[in-house]
Amino acid sequence: MRVAVVGGGPGGLYAAALLKRLDPAREITVFERNAPDDTFGFGVVLSDETLGGIEHADPVVYEALRREFVRWDAIDVVHRSIRHTCGGHGFAALGRHRLLQILHERCRGLGVHLRFRSPAPPPDHLARAYDLVIAADGVHSTTRAAYADVFRPQITGHRCRYIWLAAGFPFDAFRFEIAETEHGVMQLHGYPYAADASTVIVEMREEVWRAAGFEELPVRESVERCAKIFADALGGRPLRAGTSAWTTFRTVVTERWSHGNVVLLGDAAHTAHFSIGSGTKLAVEDALALAACLAERPALGEALAAYEEERRPVVASTQRAAHASLEWFENLALHLDQPPRRFAFGLLTRSRRVTHGNLRLRDARFTEAVEREFGCPPGTPPMFTPFRLRGLTLRNRVVVSPMDMYSAADGVPGDFHLVHLGARALGGAGLVMTEMVCVSPEGRITPGCAGLYTGRQAEAWRRITDFVHTRAPGTAIGVQLGHSGRKGSTKVMWEGMDEPLDEGNWPLVAASPLPYKPSSRLPRELSRAQLTDIREQFASAAARAARAGFDLLELHCAHGYLLSGFLSPLTNRRTDAYGGSLGRRLRFPLEVFDAVRAVWPEERPMTVRISATDWAEGGTSAEDAVEIARAFAAHGADAIDVSTGQVVAEERPRFGRSYQTPFADRIRHEAGVSVVAVGAISSWDDVNSLILAGRADLCALGRPHLYDPHWTLHAAAEQGYTGPGAVWPAPYRAGSRRPRTGRTDAPRPRLTLGSGV
């Protein structure tokens, strides 16, 4: 096999070395346009996981790296001249130049042809001349560009400028330092990579970079200025730039990684923000996987498909974490006024990969100090601290999220709802929410939706609230009121989600006459008289909810239902006073809110659920969401329940672990209103992390409570917590500890004697 590798960075070189080692008969050529001593950046950080893969695949390279590594385990966060240190992390780094030297030596020793100062021939020429072409030519990959119609890359720019620099001394920890200047916030990321050197990255928002005058400065003067700004961190020492220049990070995502005998590797296929130290790591891991798949699969096409199948989920997970980290630093200014330890905790957990539980294992003293600053009583996890909304005090931060059950008859909740909601109330959550309860028969999503438009329905709900208050004292129960709008008159979820009924349909109404999907029925645009009627329907339902004994009311303005349809520019095309600017699109939802608040008891709180983004071009943006939250808060909303999407069928959500939380975080800090975070929050460790970092005040969990109605009580038991934030019902107390299982450990040897005895 003849193999061409385009790009002589760590990923390309390591792939060449592995392939040659696995089959010495392969003829492998690496094309690198730069000289062997040229490099961009200074230090490289590798994880223990990556090093383990290198050790197993090529002990020679591993041993050479091991001799060069600088190791440390602490992270310093310096903000407003206060330094907080968290230990137990474990890092290994070396100079990028030395890494390349090691890989050059290994490739030469194995017989790989290294062609420096040699731009690669055009990709189509390489594809004809070689059996395999590995495109490791970086973020600006010419190979990817040549086959863009096949690889279909999505390249996204971001809001910060940064520059890679070096200092002539070693930091004693991974250091994050924040500088609040007259022009805005700047940050330094620094770590040692040799006994006498550290990498330093200076980063700031684009508008701060311009205001500070960096745009006009030569690189040398920029570097000198950075050294002055961060003089305390550097001890007055200078910085050097090498070949670096100011740039913006670009996230690369490709739909395909191979085309015929051409395959992408490393930054050519994907990028992940440097703040989680992932670029070289991902490229090296790509090389390991590609070499393994080529060894395991005799057919080239099968091997390349297996490589992509293996690596894509890992890369996607890393990119999600990197994006969360990138966004946190882009919005750093939002967090500056947090208490110092909580600020440090938020920085450390920004990617959502490091959690409260992780940090407890790594540095219990640091984590306990953060908990004390937050106000946790001794032995109390953050999730089991109380939270007050108006006249209602919740005993913990866990909410059973509204989940449509589609099990009502004529809008009347029955035994199923009593058992469903009652079981979750007994399960320890601070607040249990109903599904969306509809304000009229025409406002139902499906024939199985519950309502509050008749007295009989209100009486049925009273039966449920009485059970919760009597049998699960300390648990609050809330009602979510809504109207389906254009997403109504559909089948129940398990028969065809969002699909129109085959018969028995009712007329649909919406802000504008736009169907949800091509197969959906067309709604009628609401007239002013109809708007008045619907506003009164909400108010009447709210009055019934109050009499039914609910502790909290949530207005559903999310997920493309009626009120959400007014908020989004994609679904509101009106030309009257209820359409156009965001202020006009807010008008009807705020009128409904005011009407409901007027009849809802003053001491009981109201929340509003919103979709903070439509996940579609031209839709509601994160900036819009902040303004929407501000508007509802100004009208008396006690908290904003921050969801996303489900507004338009063509949405492209960026799913992942607690993926909606950044929107809640931003609303909480910019709008100054309490927030409920929701969406793929699945573990009690996530809840503790989000609450302690100040990203949310409450966390709503849906599917975990379907899996385990006693999720909250089990979370308390697993953390050894027995306080007032999670009280087991008296009949269940005997089960408050995890049941024992049979022993699986074998008896240990009791005596070992030497052979001479």
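Strand β4 (residues 70–72) runs antiparallel to β7, and three bridges join the two. Strands here are DSSP runs of E with at least two residues, helices are runs of H or I with at least four residues, and both are numbered from the N terminus. Two strands count as paired if DSSP finds at least two bridges between them. Within this pairing, R71 has A92 of β7 as its bridge partner. Strand β7 (residues 91–95) also pairs with β3 (residues 43–46), again in the antiparallel sense, this time over four bridges. Strand β7 is mostly covered, with five of its five residues buried. Buried means under 20% relative accessible area, exposed means over 50%, and partly exposed is what lies in between (1.4 Å probe, protein chains only).

A word on the model itself: it is predicted, so local features need pLDDT of at least 70 and side-chain atom pairs count only at pLDDT 80 or more, while totals for chains, interfaces and linings use all residues. Residues are numbered from 1 along each chain as its sequence is written, and side-chain values use heavy atoms, with hydrogens and water left out.

Now for the nonpolar interior. A nonpolar core is taken as a set of buried Ala, Val, Leu, Ile, Met, Phe, Trp, Tyr and Cys residues joined through side-chain atoms within 4.5 Å. The largest one has 124 residues, and L452, L481, F632 and I667 have the most contacts inside it. Leaving aside residues up to four places away in sequence, L452 touches quite a list of neighbours, including V437, W461, V479, L481 and F550; contact here means heavy atoms within 4.5 Å. A second, separate core of 67 residues includes A16, I54, L264 and V284.

Just after α24, G672 takes a positive phi of about 65°.

As for charges, the model holds 46 salt bridges, each being a side-chain nitrogen of Lys or Arg within 4 Å of a carboxyl oxygen of Asp or Glu. One of them joins the side chains of E255 and R152 (2.8 Å, N to O). This pair links distant parts of the chain, 103 residues apart: E255 sits in the loop between β15 (247–254) and β16 (258–259), and R152 in the loop between α7 (148–151) and β10 (153–167). E255 is partly exposed at 39% relative accessible area, and R152 is partly exposed at 38%.

Another salt bridge brings R360 and E371 together (3.0 Å, N to O). R360 lies in helix α14 (residues 356–362) and E371 in helix α15 (residues 364–374), so this pair ties together parts 11 residues apart in sequence. R360 is partly exposed, at 31%, whereas E371 is buried, at 8%.

D638 and R390 also meet in a salt bridge (3.1 Å, N to O). D638 is in the loop between α23 (622–634) and β27 (639–643) and R390 in the loop between β18 (387–389) and β19 (392–394), so the parts tied together are 248 residues apart in sequence. D638 is buried at 15% relative accessible area, while R390 is partly exposed at 28%. Elsewhere, salt bridges with shared partners join R159, E623, R666 and E670 into one network.
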